[in-house]
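User: I have a model open and want to learn how to read its features. Can you take me through a few?

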Amino acid sequence: MLSVPRLEMQVRIFGALADPIRIKILLLLSDGERCVCEILPAFERSQSTISKHLSILYNAGLLDRRIEGNRTIYSIKNRRVVELLETADAIAIAHLSSLVESEGD
């Protein structure tokens, strides 16, 4: 059985992943680190909104960040999160395919 701290951390991780913007941020960072100035143009959202999402991902232990001058650079902290997203994508594709097949019956 999982300890309470581990279970709470898992809830925090899955909570952080439960938002399409945050998933898109992780996918964007899966190609390598980027500063906030490079992340912002990929989304039609305000800087404060993207900063909030980055903070949630950082606090869930999914992102690293460092400061270089006046730039904040974000990167994936643990590549396993990318594998987790790929697994979720494979599950989603399989489910969507089964729905399409059942509509054809």
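User: At what angle do the axes of α2 and helix α4 cross?

Analyst: Axes are lines fitted to C-alpha atoms, for helices over the stretch in contact, and angles run from 0 to 180 degrees between N-to-C directions. Helices (H or I, at least four residues) and strands (E, at least two) are DSSP runs, numbered from the N terminus. In this predicted model, local features need pLDDT of at least 70, side-chain atom pairs count only at pLDDT 80 or more, and totals for chains, interfaces and linings use all residues. Residues are numbered from 1 along each chain as its sequence is written, and side-chain values use heavy atoms, leaving out hydrogens and water. Here the axes of α2 and α4 (residues 47-59) cross at roughly 75° and come within 10 Å. So α2 is roughly perpendicular to α4 (the class covers 65 to 115 degrees; under 35 is roughly parallel, over 145 roughly antiparallel, the rest oblique).

User: Which residues meet between α2 and α4?

Analyst: Contact means heavy atoms within 4.5 Å. From α2 come Ile21, Arg22, Ile25 and Leu26; from α4, Ile50, His53, Leu54, Ile56 and Leu57.

User: Is Arg22 buried or exposed?

Analyst: Buried means under 20% relative accessible area, exposed over 50%, partly exposed in between (1.4 Å probe, protein chains only). Arg22, in helix α2 (residues 20-29), is buried and has no salt bridge. A salt bridge needs a side-chain nitrogen of Lys or Arg within 4 Å of a carboxyl oxygen of Asp or Glu. The nearest side chain of opposite charge is Asp19, 4.1 Å away (Lys and Arg count as positive, Asp and Glu as negative; His and the chain ends are not counted). A polar atom of the Arg22 side chain does lie 2.7 Å from the backbone oxygen of Ala16.

User: How many salt bridges does the structure hold?

Analyst: Side chains of opposite charge can pair when their charged atoms come close. This structure holds two salt bridges. One joins Glu33 and Arg66 at 2.4 Å, N to O. That pair links distant parts of the chain, 33 residues apart: Glu33 sits in the loop between α2 and β1 (34-35), Arg66 in strand β2 (residues 63-68). Arg66 also meets Glu68 in a salt bridge, at 2.1 Å, N to O. Shared partners join Glu33, Arg66 and Glu68 into one network.

User: What are the relative accessible areas of Glu33 and Arg66?

Analyst: Glu33 has 44%, so Glu33 is partly exposed. Arg66 has 32% and is partly exposed. Glu68, at 39%, counts as partly exposed.

Note on methods. Polar contact = N/O pair within 3.5 Å; in protein donor to acceptor, adjacent residues only side chain to side chain.
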